[in-house]
Amino acid sequence: MGGAGASVGCSDSPFGFDTPAFLQFGSTDKPLAPFSAPDHSEICAVSHCLNRLTFGAVPGDYDRVSALHADKDQAADAFIKQQLDPESIDDTLAERATQRFEYLQHTPGDLYNFTIDGLLDEMLSFTVIRATKSKRQLQEVMVHFWTDHFNIDSSKGDCRWLTAAHDRDVIRRHAMGSFPELLKATAKSPAMLWYLDGRVNTKTKNDDKPNENYARELLELHTLGVNGGYTQTDVMEAARALTGWGVKDGLFGRGEPEFQKKHHDHGEKKILGHTIPAGAGHDDMDRLLDIVSLHPSTANYIATKLCARFIDDAPPTAAVTAVSKEFLASGGDIRKTLLALFQTNAFREQRGNKFKRPFHYIVSALRTTGGTTDSKEPLLKFLHRMGHAPFHYPTPDGYPEEATPWLSTIPWRWNFAIRYARNELKGTQCDSKALERLASVGGIEKAGLMPWLLGRLATADELEAWHACPDGDRLALLLGSPAFQLF
Amino acid sequence: MPETKVTTVVSENRDRDQTLVVVFLRGGADGLNLVAPVGDDDYFGARPTIGISSRSAVMLDDFFGLNPLMVDLAPLYKEGIMSVVHCVGSEDQTRSHFEAQDMMDHGGTVAGGWLGRYLLATQPADGQRSPLSAVAIGSRLPENLRGAPSAAAMRSIKDFSLGENTDKVRDLLGQLYAASPTETLRTSGRSSVAVLKRIAELTSAQYAASNGASYEDDEFSSGMREIAQLIKGRVGLEAAAIDLNGWDSHLTQPAVMDPEIRRLNAGLSAFCKDLGKAMERTTVVVMTEFGRRVRENSALGTDHGRGSVMFVLGGGHRGGTIHAQWPGLNAESLVGPGDLPVLTNYRNVLTPLLKKISPDVDLSAVFPEFALDPLPLFG
């Protein structure tokens, strides 16, 4: 996987969008060469790991991963190891493709100078392009996982501006790091202080009641989980410990977190059997987060959610237990926890049983077909129509992971597939003919475009539909098919 | 297309046939000139030039008269299909369009739009809901629909179509889903084909309005026509949002507002006529971010105020009523720089409508952090 030097065919444009479409395949960095597709009737270990750890394999990925070892299982293991070490993967091209997003360079205070719609559109475009182009795919998948886990809706108050900083400085920075550090960063994130009302959780008079909103979601959604064994008293005590944190306004440091001693409740707090002594002030927050971030209920809750993302909507207990154990043993190390998950039998055995959410669906369609996109309105409107535009989910539980709420989006997926495959989406293209040609080594049905998109050899039903399908709509048929909705 | 011919529903396990249509008059519509308190002498004292005269007003009762340009709505009021809420608005006192619209669309400083949260709160457990459950007329979703489980901005019903010559690929996709080993995919595939076929039917012929209704050519009327078509086509539409912009009448108010009032009158009246009996399962609510200053300004316009009007049509509610405790227009009754007070919060107009459509909905999830006191719109 070469670096920037290999960018043959890229123009002077840092984004490369003006080069012919077929030279710009997904996150590959050179013109597309013939590539092979899976040749098993069942999803093999390599396809399975590409499915689960990425937003879809780009042309050539299957060859690249298969080449890591003669044995498919060991090749998959080597791929997992690479993806768990994102710093070792050169991501220059993704960096370059996203350089134009000016907001990424600005301090939280400067972000307030952007227009609301302008900033939000940039954030959406950036998110799609990054997920499409990055070679650090597992990191991107985890960014989306934590974005939902620590959900912010960018329509509430100053979240309109501060969500951009939250995504960049909190979620992306810690997505593959340590859970306790990530949790601490989210607690002080100005967008979070706005979204869950931490900024108005103050105690200035004796009879002031704390605002419990963040404290409750911290326990219910961010750490212990709803049945995690906390009580209403724990929520109230946690809220007391968090009093005084707000977001700076005014000329200097606007949009930065601040702690105001005079708004803090300085008394002793008792939470989940622990005592935070009186007078710790500013440090109360970190002490509270230390109590909850590695609580056994937190381990179980995070493990359950991770297994739901990577194994099954209803993951088996044995896998959850193994992942939870490693979460605790590693002190919340996200990479070690993920490795433990990828080593469970359930992860290896349950293949092709997860339903792609709309964002995943769109990005995987772009990636597997080597498409290019400017990620503007004609593409983004499909995310809006399917109710899955990033930073738009109103409630703190984040977009659901399970299949059920997304089932009604299928007509839009077909609509997208047809328009995309017919190259009718302004700013978003693929070269389906070149793709067919290049992925047809050994005959189109046997080892070509069909198994490439389906991740396995086509079934009799799929072959029959393929032959009955008019020229020009075959790619749409594959992208709209049930198999392509699964991963 | 006579409604009786349409029998199938889009999703098999779902039979939601109620639709809420939200018309937002953006720019701060002058409630005092839409529904004028012609029985209050202070009204003419404050608006010697631009006031609606008792001679021209279409009287609704012995005190309030409709703007004469809204004459086609008067029969709807008389027949009990439409009611009026006066002195209504939000708690926002900024008198800023942006702030006031934002607060009203979201229902306070809350994440998501109120309509989006309502749709989320009524999400069926089996996920079987029409992909056309929520639409907005226009190019971008308005903030009130933000957070809806799925919502499409559209200009025309054609936006939903798969395009030219797509029957074959659609049917092949249907076959593949029918052969899926996963039951939920089989069901979803069937409903997808059903909804797309319905859209193909609807777009194949020129739309003919029922009951002799005829729509004007402007954007608002065209949008209302598209909504009517979706409702009559029974595609599972539950919420539609449409904006009518341009109500900011600081100068020469009649020149600014009259064309808007004509559009509102024409669009709403054609819609109700076209839907006919289907208005029983269709609720239309018309709202605006704030009203205008009571006293006309030196440029014969009005400045940003507080209380305005809302209209409710259909949905089986008890129409023919004006919900208002008129405060009077003397100096002591007005608020701020001389504005009609807000005596009814807009949420208390919306919540009885939502409750009627979805009796089980948790209204505190739709409008959190507000002590609700729903208006008795259903008698």
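## Where chains A and B meet

How many salt bridges are there between chain B and chain A? The count is four. Keep in mind that this is a predicted model. One of those salt bridges pairs the side chain of Asp102(B) with that of Arg160(A), at 2.8 Å from N to O. Polar contacts turn up here too: 16 residue pairs between chain B and chain A make them, both partners having pLDDT 80 or more.

Three residues stand out on the chain B side: Arg146(B), Leu176(B) and Tyr177(B) supply 16% of the area that chain B buries against chain A, more than any other three residues.

## Chain A, piece by piece

Now for chain A by itself. Chain A splits into four domains.

Take domains 1 and 2 of chain A. Going by C-alpha atoms, their centres sit 25 Å apart. Contact between them involves 32 residues of domain 1 and 31 residues of domain 2, and about 2600 Å² is buried between the two, 60% of it on carbon and sulfur atoms.

## What links domains 1 and 2

There is one salt bridge between domain 1 and domain 2 of chain A. Asp148(A) and Arg357(A) form a salt bridge, with their closest N and O atoms 2.7 Å apart.

On the side of domain 1 that touches domain 2, helix H18 (358-368) and helix H19 (377-385) of chain A are the elements giving two or more residues. That side of domain 1 is made up of 15 nonpolar, eleven polar and six charged residues.

## A look at helix H16

Helix H16 of chain A runs over residues 334-342. At its start, a side-chain oxygen of Asp333(A) comes within 2.9 Å of the backbone nitrogen of Arg335(A). Which residues of this helix are buried? They are Ile334(A), Thr337(A), Leu338(A), Ala340(A), Leu341(A) and Phe342(A).

Notes: Residues are numbered from 1 along each chain as its sequence is written. Chains are lettered from A and ligands numbered from 1 in the order in which they are written. This is a predicted model: local features need pLDDT of at least 70, side-chain atom pairs count only at pLDDT 80 or more; totals for chains, interfaces and linings use all residues. Side-chain values use heavy atoms; hydrogens and water are left out. Buried means under 20% relative accessible area, exposed over 50%, partly exposed in between (1.4 Å probe, protein chains only). Helices (H or I, at least four residues) and strands (E, at least two) are DSSP runs, numbered from the N terminus. A polar contact is a pair of N or O atoms within 3.5 Å; within protein, one must be able to donate a hydrogen and the other to accept it, and residues adjacent in sequence count only if both atoms are side-chain atoms. Domain bounds come from an automatic or database domain assignment. Contact means heavy atoms within 4.5 Å. Buried area is the accessible area (1.4 Å probe) that two parts lose on being put together, summed over both. Ala, Val, Leu, Ile, Met, Phe, Trp, Tyr, Cys and Pro count as nonpolar, Asp, Glu, Lys and Arg as charged, and the others, Gly among them, as polar.
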